[in-house]
Amino acid sequence: MVNECVSRWLCWLGGQPSFQIHGRGRAEEDWRTISVYATHRRNAESRWPLCRGTCITWTSEVIAVGWDFALELVREQMTEPASRQRPVEVSGGRLQNLMGRADAGAPGFPTVSEVLAHECGHTWQALRFRAAYLPIGATFTLFREGPHFWNRFENQASEQGLFGGIITRSVCQRLMDESTG
């Protein structure tokens, strides 16, 4: 109930999303529609130090990213689109596991689609943890991925998340114009 109320409030506050995606956790059977909001405050060069270069999953239905991230994602999806039949997952099971990524034949750095798959893993966690998701997420996200028990929250998001592509005709006009120009 809290997840749904916060999602509705965030969607009301944010207005039209920059785009919508199909996302789910591996443990889920059905794909969910997730609204993605892009803002310049989250850009890699933002003057806002706590927001700079971040992707944040607020609820099971809302993700916030930087405008630069959104632009790169749309461009990447134009050349190599994900779909529900061929979803993007985090190669090697973790975003920052260089050895696991190398063993999976993936480049050392994750693609923006893989980062979004990781965020889809967080949306799955938001469904499971309900009202406790935000305090748990805020606490354990700080520890990032890794081999320790306190890294489990982030590791699980990478292991579970599946990004099933951008929903057709959901990309806002401004983002479309910038991605093709």
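Modeller: Here are the terms and the values behind them, one question at a time.

Modeller: This is a predicted model, in which local features need pLDDT of at least 70, side-chain atom pairs count only at pLDDT 80 or more, and totals for chains, interfaces and linings use all residues. Residues are numbered from 1 along each chain as its sequence is written, and side-chain values use heavy atoms, with hydrogens and water left out.

Biologist: Thanks! How many helices and strands does the protein have?

Modeller: There are seven helices and five strands. Helices are DSSP runs of H or I with at least four residues, strands are runs of E with at least two, and both are numbered from the N terminus. Read from that end, the order is α-β-β-β-β-α-α-α-α-α-β-α.

Biologist: What makes the radius of gyration agree with a compact globule?

Modeller: The radius is taken over C-alpha atoms, and the globule rule is 2.2 Å times the number of residues to the power 0.38. For 181 residues a compact globule would come near 16 Å; the protein has 15 Å, so the value agrees.

Biologist: Why is Ser7 called buried?

Modeller: Buried means under 20% relative accessible area, exposed over 50%, and partly exposed in between, with a 1.4 Å probe and protein chains only. Ser7 has 1%, so it counts as buried. Ser7 is found in helix 1 (residues 2-14). Of the 181 residues of the protein, 46% count as buried.

Biologist: Which residues is Ser7 in contact with, leaving aside its neighbours within four places in sequence?

Modeller: Contact means heavy atoms within 4.5 Å. By that rule, and with those neighbours left aside, Ser7 is in contact with Thr59, Glu61 and Val62.

Biologist: What makes a set of residues a nonpolar core?

Modeller: Its members are buried Ala, Val, Leu, Ile, Met, Phe, Trp, Tyr and Cys residues joined through side-chain atoms within 4.5 Å. The largest one here has 27 residues, and Phe19, Ile21, Val65, Phe69, Leu116, Phe163 and Leu175 touch the most other members. Helix 2 gives the largest share, six residues. In soluble globular proteins, nonpolar side chains tend to be buried together.

Biologist: And which residues does Phe163 contact, its neighbours within four places in sequence aside?

Modeller: Among them are Ile21, Trp31, Leu73, Val88, Leu116 and Cys120.
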